[in-house]
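This report describes sheets, helix packing, annotated positions and a few backbone details. Please read it alongside the sequence and the coordinates displayed here.

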Number of protein chains: 4
Amino acid sequence: MANSKYEYVKGFEQPDALLPNTWVVVRVDGRGFHKLSDHYAFQKPNDRRALDLMNKAAVEVMKDLPDLVLAYGVSDEYSFVFHPTCELFERRSAKIVTTVVSTFTAHYIYHWNTFFTETPLKPPFLPSFDGRAVTYPSTRNLRDYMSWRQVDCHINNLYNTTFWAMVLKGGMSNTDAEQELKGTVSSDKNEILFRRFGINYNNELEIYKKGSVVYRQYELETKEGKEAASSDLEPVSKTQQEKMRKLRKKAQVVVDHVDIIKDDFWDRRPWIVSNKPGKLPVSQDIS
Amino acid sequence: MANSKYEYVKGFEQPDALLPNTWVVVRVDGRGFHKLSDHYAFQKPNDRRALDLMNKAAVEVMKDLPDLVLAYGVSDEYSFVFHPTCELFERRSAKIVTTVVSTFTAHYIYHWNTFFTETPLKPPFLPSFDGRAVTYPSTRNLRDYMSWRQVDCHINNLYNTTFWAMVLKGGMSNTDAEQELKGTVSSDKNEILFRRFGINYNNELEIYKKGSVVYRQYELETKEGKEAASSDLEPVSKTQQEKMRKLRKKAQVVVDHVDIIKDDFWDRRPWIVSNKPGKLPVSQDIS
Amino acid sequence: MANSKYEYVKGFEQPDALLPNTWVVVRVDGRGFHKLSDHYAFQKPNDRRALDLMNKAAVEVMKDLPDLVLAYGVSDEYSFVFHPTCELFERRSAKIVTTVVSTFTAHYIYHWNTFFTETPLKPPFLPSFDGRAVTYPSTRNLRDYMSWRQVDCHINNLYNTTFWAMVLKGGMSNTDAEQELKGTVSSDKNEILFRRFGINYNNELEIYKKGSVVYRQYELETKEGKEAASSDLEPVSKTQQEKMRKLRKKAQVVVDHVDIIKDDFWDRRPWIVSNKPGKLPVSQDIS
Amino acid sequence: MANSKYEYVKGFEQPDALLPNTWVVVRVDGRGFHKLSDHYAFQKPNDRRALDLMNKAAVEVMKDLPDLVLAYGVSDEYSFVFHPTCELFERRSAKIVTTVVSTFTAHYIYHWNTFFTETPLKPPFLPSFDGRAVTYPSTRNLRDYMSWRQVDCHINNLYNTTFWAMVLKGGMSNTDAEQELKGTVSSDKNEILFRRFGINYNNELEIYKKGSVVYRQYELETKEGKEAASSDLEPVSKTQQEKMRKLRKKAQVVVDHVDIIKDDFWDRRPWIVSNKPGKLPVSQDIS
């Protein structure tokens, strides 16, 4: 029984390769996490278990896909970054984005019990995620994307920290707190936190203020005499690429809560922009 | 701290709405399931637990997304069908496909233990799936797509059934079996099965021969006097659409193992092509 | 001197094939024709020479591209229609649209002097056109597109006829005429035309009221006993396609000014929707 | 008569904006110029009139679209380059490419008689062009694209010069000449030209060997102390953009036949990569 009569339907699949030599960012977002976080009683303003679970899933995605050079997570979203030279799945957009989303989901569901020891998952309330792929032509554009997410993290966290202090500690209703915060700037919120609740926002945990940065760890470069890394690599042979892939797999994937807006982060970790594996640290604990 | 300086990066997201008035098929495929099925010792040629788990995940996806009108699964792949009138997520391709893939993955991981009671999942060998969305302009094209998958199911299952009989019952090496089957047609394989192993292929389970068809159940139409349903609907108001969505949510989602190539399946279930909910059966057991 | 070092740049070209089995409409629009029509002193509200030149260019495009089944023009725009079975340039969008636009432009420039005998072209004021390709999945969608353009033609022509009567015959300023017409409906404009200027809009030329329909001429079908043509053709062999292409080239391309909203036009010319060449009229004058 | 019933068809137009911050190259190609050049008896291996006409059309396109920073032509093709910061038509691909193609065609047809004084155009043999838009993320990629075209120019011109010398001066048949040239390298062809026909390829006209480079002329920079221009501009206000547009319109558009592979061309004309208008030369002849 030949299948040739129907095979013409394959002709309706449309190619979706992402433009070569561009940074590819896959952003994964929780679906309906507002409702879900109520259902599983996430703590406010931040639930450490939920963030640790997000980070765990992200680390596993990074390990599974050595082509990834960087990831950044905040709240129920995670951005995964592929290098301009990446040729994974011939850069087919749907294949790349679904692979990241599915791997992330699998680990999130699987590891839920490790972090939420007292509140097991119960269908139909299973967490799931959507995602999209966006390309950025220059390293400047990529860094501005990362800065955008980290500034957003700061803005939202300051707001949420203040809002929930007013509600949970100050006994205000949600509506009243929202009303009072309308139109306030950062200094106003810092003031409210400090005056009314004795909270110095600077002392909040870095994971809440900065979000989570995930990357492969090599020996940090000193800043001096370091020229900026370039993503415009000489073309490398398939063999060399495979070799570099293996080197990348050996590196430890770490989670950091640091500033990624200023140059320092990037200058000291030139392997992120150059995609050339650095020197493995002398002693490395495999996570 | 305003975020406006970096917000320009949002301008790099490119719209990806699927062409209106076309059938949308999202096909989900297991990633590396060859290796995975070895790792968890799936039975050959078919592992009933694995298929039941696929079907369970598919049913949950259908329940979660009432816009879906049909799904068809075979082996480690599942095709989900949205109607031409579907406006879910403004038809954004990445959003649609990642939502289906993530929801499917979540349920597959969550329900694994129910079906594989003796072989728990063990990272890093977590199942994951990729996916793609394809649009089909006419109902003929959609039905040909479905036929293509079901013919493929038949071809592969006949081959696998014969191959594994030769290996597991006939004691042949994989290579020898492969060699002997090269160039054979269906009747040859039926012959090998019957003569050497006393297997009548027709008596194999329908789930293996036909795959699994998932849809919402209403009262079947009798064939007589039934004009073919058309997908070219009159535009309906938002209110009506919402009403129909709710009606669809009430219908039971069933798993069937039947022929979807011939007209009969479609004639008796006109609600699939028309997207107008039918009459609920008198007694309906909620699955 | 090998060119291989640079050839990688070809990899940046992205495929743009239009979805198979859909109607393809290429709409060509005059660039800056408002200014241009002032410069060459086009007559108001309609310049017959300009319309005839548009029609001439459209007929030549139809002759040059036998894959075209229909065209519709109004003012400085023209819509060209390719059949769902069309495989021209493997349906590559940019190739199709630029070919239509360039061929149209070439004939428009070349034939200018034939129609504008007293006002030769003078650079840099050369007419040019932009264009876009849109796909429509069903014949209903295509016909609604054509109806949309023809209704637009009617609305604009009634407005312009009234406006210019008020200005040119009534001596009103542009602003005053515009002001008075604001918020009026069709019957108001008919009334103004008739009462003030003795113009019965129904007696205006069909080319102004209906626009121009261009197609290949075969013997008209009688309406009786005619089932509606379907665009969902059986696949035909390359040889047959080539034969039909040649048949289409033999047919005369005609310009008509008729209603294309009602069924009659389509019922009597079933070859447009079916793409099967009809019977050549007994006597045919080659235009 | 409202048009709202049909207006839904506008929803089928799909957005096609090109990725921001990328170089946009629109390449225009003659349609069926092999046949056309026979028909109008173009001289071999190069017809100066045809090239001058191509260049004339290209210069007019550059003048009409001040967003263009560079163009390169060879034979019957022309590549037009928009800067990464270009926002023309909101970067809509079809709009950009059809505008370039149509403007080019209009001038090519209009100016034909100026260059081909003895062989007027005769329908249906009107020249026309197709086109496509390709985006390049980095200046390296753009320069490699330009190098690719210029190397191609050299390879083809050396081949054609040799081939037509063998045929026209050597009295060989086309087939024999083709046969003999199969597998030859550059030095072989130089040798044939010199030994048999006394032609020193180096003395051929630059327009044939290098093709034609079109750009706006400002005072050339000296090479010393010049840092490489960057395309990664600070965002500029709308007002500034409009001002720069006007400055660009003032510059003379020149046609050059020079090497664009090496750095020198780019170093001395930094305004091409930077898109910042340079200093107008003291005396400027308007072309």
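This is a predicted model, in which local features need pLDDT of at least 70 and side-chain atom pairs count only at pLDDT 80 or more, while totals for chains, interfaces and linings use all residues. Residues are numbered from 1 along each chain as its sequence is written, chains are lettered from A and ligands numbered from 1 in the order in which they are written, and side-chain values use heavy atoms, with hydrogens and water left out.

## Sheets in chains B and C

Helices (H or I, at least four residues) and strands (E, at least two) are DSSP runs numbered from the N terminus, and two strands pair if DSSP finds at least two bridges between them. In general, strands of a sheet pair through backbone hydrogen bonds, either parallel or antiparallel.

In chain C, six strands form an open sheet with antiparallel pairing, in the order β4-β1-β3-β2-β5-β6. Because β4 (129-136) and β6 (252-256) of chain C stand at the edges with a single partner strand each, one side of each has no neighbour in the sheet. Strand β5 (residues 212-217) of chain C pairs with β6(C) in the antiparallel sense over five bridges, and C:Arg216 stands opposite C:Val253 in β6(C). Helix α2 (residues 48-64) of chain C packs on this sheet, where it touches β2 (68-74), β3 (77-82), β4, β5 and β6 of chain C, and its direction makes about 20 degrees with that of β3(C); contact means heavy atoms within 4.5 Å.

Chain B has an open sheet of six strands with antiparallel pairing, in the order β4-β1-β3-β2-β5-β6, and its edge strands, β4 (129-136) and β6 (252-256) of chain B, each pair on one side only. Strand β1 (residues 23-30) of chain B runs antiparallel to β4(B) and is joined to that strand by eight bridges, with B:Thr135 in β4(B) as the bridge partner of B:Val24. Helix α3 (residues 93-115) of chain B packs on the sheet, touching β1, β3 (77-82) and β4 of chain B, and its direction makes about 140 degrees with that of β4(B).

## Helix packing

| Helix pair | Axes | Angle |
|---|---|---|
| α4 (139-169) and α6 (186-197), chain B | within 10 Å | roughly 35 degrees |
| α4 (139-169) and α5 (174-181), chain D | 9 Å apart | about 135 degrees |
| α2 (48-64) and α3 (93-115), chain A | within 8 Å | roughly 135 degrees |

The crossing of α2(A) and α3(A) is right-handed, whereas that of α4(B) and α6(B) is left-handed; a crossing is left-handed if the near helix is turned anticlockwise from the far one by less than a right angle, and right-handed if clockwise.

The contact of α2(A) with α3(A) includes A:Leu53, A:Ala57 and A:Val61 of α2(A) together with A:Phe104, A:Tyr108 and A:Trp112 of α3(A), and by class this contact has 10 nonpolar, three polar and five charged residues. For these classes, Ala, Val, Leu, Ile, Met, Phe, Trp, Tyr, Cys and Pro count as nonpolar, Asp, Glu, Lys and Arg as charged, and the others, Gly among them, as polar.

In chain D, the crossing of α4(D) and α5(D) is right-handed. D:Tyr159, D:Thr162, D:Phe163, D:Met166 and D:Val167 in α4(D) meet D:Asn174, D:Ala177, D:Glu178, D:Glu180 and D:Leu181 in α5(D), a set that divides into six nonpolar, two polar and two charged residues.

## Annotated positions and backbone details

UniProt, in an unreviewed entry, lists residues 6-137 of chain A for "domain: tRNAHis guanylyltransferase catalytic"; UniProt positions are given in the numbering used here, feature names are shortened, and annotations may be inferred rather than shown by experiment. Over residues 6-137, chain A is 36% helix and 22% strand, and the end C-alpha atoms are 40 Å apart. For "binding site", the unreviewed UniProt entry lists A:Asp29, A:Gly30, A:Arg31, A:Gly32, A:Phe33, A:His34, A:Ser75 and A:Asp76. These residues span 48 residues in sequence, yet no two of their C-alpha atoms are more than 12.7 Å apart, so they gather at one spot. A:Asp29 is found in strand β1 (residues 23-30) of chain A.

The peptide bond from B:Lys44 to B:Pro45 is cis, with omega near 0 degrees, and B:Pro45 lies in the loop between α1 (33-39) and α2 (48-64) of chain B. A:Asn21, in the segment before β1 of chain A, has phi near 55 degrees, a positive value in a residue other than glycine.

Notes
Axes fitted to C-alpha atoms, helices over the stretch in contact; angles between N-to-C directions.
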